[in-house]
Amino acid sequence: MSGNESGVSDSDGAAVVAAVEAVAERIEAERDYLTELDSAIGDADHGGNMARGWAAAAEAGRELDDPDPQTVCKTVGKTLMAEVGGASGPLFGGSLVFAGAELDDGVTAESAVAFAETYLEKVEDRGDARVGDQTVVDALTPAVHTFKKSVETDGLPPLDALAKAVDAAERGVAFTVPIRARKGRASYLGWRSVGHQDPGATSALYILEELLAVAADALGEEVPDVDATSPTIPDESAAEAADGDAASGDGD
Amino acid sequence: MVGLVVVSHSERAAEGIVEIAAEMAGDTRIEPVGGDGQGGIGTVPDAIREAVDAADDDEGVVVLVDLGSAVMNADVAIELSDAEAVIADAPVLEGAVNAAVAATDPSATLDSVREQAEAARGMEKL
């Protein structure tokens, strides 16, 4: 008898816990680099705060008994808020508490899009930030928009859509370098914030990369290639060429 | 009475600001809160919520905040708390002193205290 009362597949909850563990490991591995980025334009606490918060979140996730995805998100989000000790708590964690509600029927391509959109909306609202402010929003917005389009308009399989989202986040992180910070501690530097990569956006990219890896693992598929220079729109000529090859049946 | 909470990234700064504001605060409840909970610089929503609850005696709480994450975490704390609380968009020290004075007015309301705190934005020193 499962302790899961929602009727949602238990494996979805386990996959979400696995994702949180992967993120915790990755953030710990990147801790010094994130702190280095933050010390250039901020208060040099991003790496330490995030590593502490995600380690506690992974621990809290592991302790859950057979949870559904929504419960994992809520627990992890609340733990991040309690443990991070900075703006990343409400931004990364608080948004997760709200967005997790979109996964109450399990993790599907559609619910993942709804999750992503709610998450972005909460980050924007809480941080009062928009694209171009040199914040995490600069990575999340292109990632979420690209994911939604890839799923809903281009009809890509979820894993390929997520890979496109990672591409887009990577470009978003690069976009934070040549712009001026308008939110967060970096905004106090004024024009001196230009030329620096935003640590929060960088963390968001790492999180998305880990989500992609864990999603591939959960689906039993290879991790798709991620290439920030690849086109956002699927290459139709290549697809047609592939179809042509298949139709012609010449196996060169 | 309307209560006050002072949120700073530094616990000592919050305590110092409360020390200054309390001189003018009469019987007003005024709670300092700050730090990341590990002895470092930062703010934590749960700690702020506890301070809001401690400052509340059913007439509401005006929250003074310092920088960025203090605002966000105070926002979260207010959502978590049962108390009626508002953030004053004001400089934290001057706003706290103004709010402390305003709160001692027998006819003070949550709005009037917040307004007085926010009036500190326009204070000139020279």
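Start with the second largest pocket: by class, its lining has 14 nonpolar, 14 polar and 11 charged residues. (Ala, Val, Leu, Ile, Met, Phe, Trp, Tyr, Cys and Pro count as nonpolar, Asp, Glu, Lys and Arg as charged, and the others, Gly among them, as polar.) A pocket here is an open set of points on a 1 Å grid over the protein atoms alone, where a 1.4 Å probe fits, with protein on both sides within 12 Å along at least five of seven lines; lining residues have an atom within 4 Å of a point.

Keep in mind that this is a predicted model, where local features need pLDDT of at least 70 and side-chain atom pairs count only at pLDDT 80 or more, while totals for chains, interfaces and linings use all residues. Residues are numbered from 1 along each chain as its sequence is written, chains are lettered from A and ligands numbered from 1 in the order in which they are written, and side-chain values use heavy atoms, with hydrogens and water left out.

Now select Ala87(A), Lys183(A), Gly184(A), Arg185(A) and Met72(B): of the 39 lining residues, they lie nearest the centre of this pocket. Next, colour helix H3 (68–80) of chain B, which gives the most to the lining, 5 residues. (Helices are DSSP runs of H or I, at least four residues, numbered from the N terminus.)

Move on to the largest pocket, with about 1000 Å³ of space (the volume filled by probe spheres set on the grid points, which are joined across faces, edges and corners). Select Val107(A), Ala112(A), Phe115(A), Leu162(A) and Leu211(A), the closest to its centre of 36 lining residues. By class, you'll find 33 nonpolar, 2 polar and 1 charged residues around the largest pocket.

Key:
Helix = DSSP H or I, 4+ residues; strand = E, 2+ residues; numbered from the N terminus.
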